[in-house]
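Please open the structure in your viewer and keep the selection tool at hand.

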Amino acid sequence: MNYLSIENITKSYGDKVLFEDLSFGINKDQKIAFVAKNGAGKTTLLNIIAGLESQDNGKITFRKGLRISYLSQNEVLDESLTIEQTIFNSDNEILKVIEQYEYALKNPEDADAYQKAFDLMEHHHAWDFETQYKQILFKLKLEDLDKKVGELSGGQKKRLSLAVILLNKPDLFILDEPTNHLDLEMIEWLENYLITEKVTLFMVTHDRYFLERVCNEIIELDHGKLYRYKGNYSYFLQKKEERIALEKVTVDKAKNLFKKELDWMRRQPKARTTKSKSRIDDFYVIEEKAHQRRQDHQVQLEINMERLGSKILELNYISKSFGENNLFKDFDYVFKRGERIGIIGKNGTGKSTFLNIITGALKVDSGKVVIGETVKFGYYTQSGIFIKEGQKVIEVIKEFGEYIPLTKGRKISAGQLLEKFLFDNKKQYDFVEKLSGGELKRLFLCTVLIQNPNFLILDEPTNDLDIVTLQVLEDFLLDFLGNLLVVSHDRYFMDKIVDHLFIFEGEGKISGFPGNYSDYRVYEDSKPSSAKGSIKKEDTRKTDPVKGELSYQEKREFGKLEKEIANLEKKKEVIETQFNNNEIELDKVNEISLQLEKIITDLGQKEERWLELSMKME
C-alpha cells in the first residue's frame, strides 16, 4: 500500500541548490533511512514531507487520511504544562476514544453509543493507555510526571516529544535523529520497540547500528542523485562499494575514449556531416564522464605528534558530588601510553563532569589528578567554540594552528585538514554563519585536531555528524597514536575505535571493562538474570497505584495476564534450553535470538502490568 509519492521535487536557498528532481515513494511497513552528507538537505526534505516547508518544484501525493507524526530537531512544547499534561494535550486518536467512552458512561441511557464506545476501546487497546504512557516515559527517564516542561533540559524535551509520537501510533513516523539525547539503554529500548512493532518510518540517523537493525531500506542522496538499497546498513555498504567500483571502471573507460576522440577533434574535419556532428555531441558527453571526480576523502596520516613520556595521567582516588548526587567516589586509575578508552553510562551519571575534572575545568572534592609533563590535551566539548561575527571557515581554524606536522618532514596545512573533513576550497571561504549544525561540529573538530594534541578527549563527537564524516573521523582516530578518551552513545563508533571501557553505573560507582561496547553487551547478556543490574529496575515514579476493588475490565485483564505470563515463561525456557544445549542451527541463531528478545520484552511489560493490578487489590 502506497502511503506517499514524491515526484521531481526541488529545493534551493538563493544560489544554493539543496536537491533537484528527487522522486521516490514510501509504502506501508517500510522502514527507510535517508542518508546524505551534512548540508545536503536531509532535514529540509523531512520538513517538506511533514508540511513545515514547501518545495520549489514538484509535488508530493499523500494517501487519503494518512496520519503522520514528525520528530524534528526543533520541537516546540507548551512549557506551562506538566509532562503528563503534555501527553494528554496531544492529538492522539486513543485519547479521543477514551473521551468518547467516558461520555458514554455519563449517558448510560444511550445503549448503542455505549456499545460503540466500548468496541472502540477494545479495538484500540485503550484500557491499557495509562500503563503504556507511563512505561514509555519511564523508559525515557521522565519519571516525574508533575514536572513542568519549562523546567526540563533540551534533551528531556526531545525525549518527551519522542514519547508523544510513539503513543500517537501514526501510520507514518518521520524521525530526524531520534537517538540524539538518548543514552545507550534508551537507544537499545527504542531500537527494540521499532523492530518489534509494526510501524512504517522514514528517518534520518547517523547511528549505524540503528540503521543495521531497524531499517529494511536505505535511500542515499549522493552528488545530487538518489540511490535505493533494499536492505540494511551492511547491504548498503556492500552495494555502494560495488556501485563506486563500477563508476570508476566507467570513468576510466571514458578517459581512454576521450583521448582518442580528442585526437580526432584536433584534426578538425572539414566536412561536418550528420555523422560527424553526432560524434562531436558524443565527444562532449564522454568528456563530462571522463572528468568526474568523487569528493570522498580517506584519511591516511602519519602525524608527528609530541612524544608522550612515561607518566601520562593518574587519577588518585578522586570523588565528586553535587549536593546529594554522588557522581563518583574514590576512583583510581593510571593511564598507560596509547590507551583508547570509551565512557558509557546513563545520562546524569557524571561522564562530562569526569572529563572536565581531567582537563582542569572543575575541581575534585577529594583525591588528586596528576598530569604528565609531556601531555597536551585536545578537548572536544559539547558546547562548541565561540565564533566571531563575520569570520570565514579558514580564518577560524587558522586561529588555532597553521598546520599539523607529519613524519619525514612533511606537514598538512589548515586548508588541507579542512578538505579532508569535507570542506572543499569554496566552502573554506564561506562565512561561518552559513554552516549547518553538522558542518559547525566538523569545523570544531578541525580546530581541536590542528593543535596536534597527544591526548584527545572527545565528548559526544558523533552528534549531528553525517555517516560520511563519521567514517573520516574514525579513519583519523585509527591513525592517531596518542591517548584517546571518548564519551559517545554511537555504538558502532565505539566498537571501531576503543578497546577499553569505563562504565558509569551511578551512585558513585565506575567500573572498567577490557573490550569494546559489543564485547561488553555479550558479557552482560551472558550473566544469569539475577546478576544483571539492568534487567529489573526499581520504578521510582511518584504515581502509586490506587488501592481498592478492580473494575470488571481490570479483573478480566488480570486473569488474562496470568495465563499470558505463564505461556511466555514456558516459551522463554524452551528457547534458552535450546541455546544452552546448542540445539539451534547456525543459520537460525539470529532469527531465534530476535524471538527470544521479543518474548523477554513482552514478559517484562506484562509482569509490570500484573504487579500494578495486584497492588490495587491489596
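A cavity, on a 1 Å grid over the protein atoms alone, is a set of points where a 1.4 Å probe fits but cannot get out, and its lining residues have an atom within 4 Å of a point. Grid points are joined across faces, edges and corners, and a volume is the space filled by probe spheres set on the points. This is a predicted model, in which local features need pLDDT of at least 70 and side-chain atom pairs count only at pLDDT 80 or more, while totals for chains, interfaces and linings use all residues. Residues are numbered from 1 along each chain as its sequence is written, and side-chain values use heavy atoms, with hydrogens and water left out.

**Stop one: the cavities**

A search of the whole structure finds two cavities of 30 Å³ or more. Select I303, I404, L449, N452, P453, L456, F476 and F480 to see the lining of the second largest cavity, which holds about 40 Å³ of space. Seven of these lining residues are nonpolar, one is polar and none is charged (Ala, Val, Leu, Ile, Met, Phe, Trp, Tyr, Cys and Pro count as nonpolar, Asp, Glu, Lys and Arg as charged, and the others, Gly among them, as polar).

Next, select F34, V35, A36, K42, E177, V204, T205, H206, D466 and I467, which line the largest cavity, a space of about 60 Å³. Its lining divides into five nonpolar, two polar and three charged residues.

**Stop two: the salt bridges**

The structure holds 26 salt bridges, each a side-chain nitrogen of Lys or Arg within 4 Å of a carboxyl oxygen of Asp or Glu. Select R208 and E474, whose side chains meet in a salt bridge at 2.4 Å, N to O. R208 lies in helix α8 and E474 in helix α16 (residues 467–479), so the pair ties together parts that are 266 residues apart in sequence; helices (H or I, at least four residues) and strands (E, at least two) are DSSP runs, numbered from the N terminus. Both R208 and E474 are buried, where buried means under 20% relative accessible area, exposed over 50%, and partly exposed in between (1.4 Å probe, protein chains only).

Then select R243 and D222, which form a salt bridge at 3.3 Å, N to O. Because R243 lies in helix α9 (residues 233–266) and D222 in strand β8 (residues 217–222), this pair ties together parts that are 21 residues apart in sequence. R243 counts as buried at 12% relative accessibility, and D222 is buried with a relative accessible area of 7%.

Key. On a 1 Å grid over the protein atoms alone, a cavity is a set of points where a 1.4 Å probe fits but cannot get out, and a pocket is an open set with protein on both sides within 12 Å along at least five of seven lines; lining residues have an atom within 4 Å of a point.
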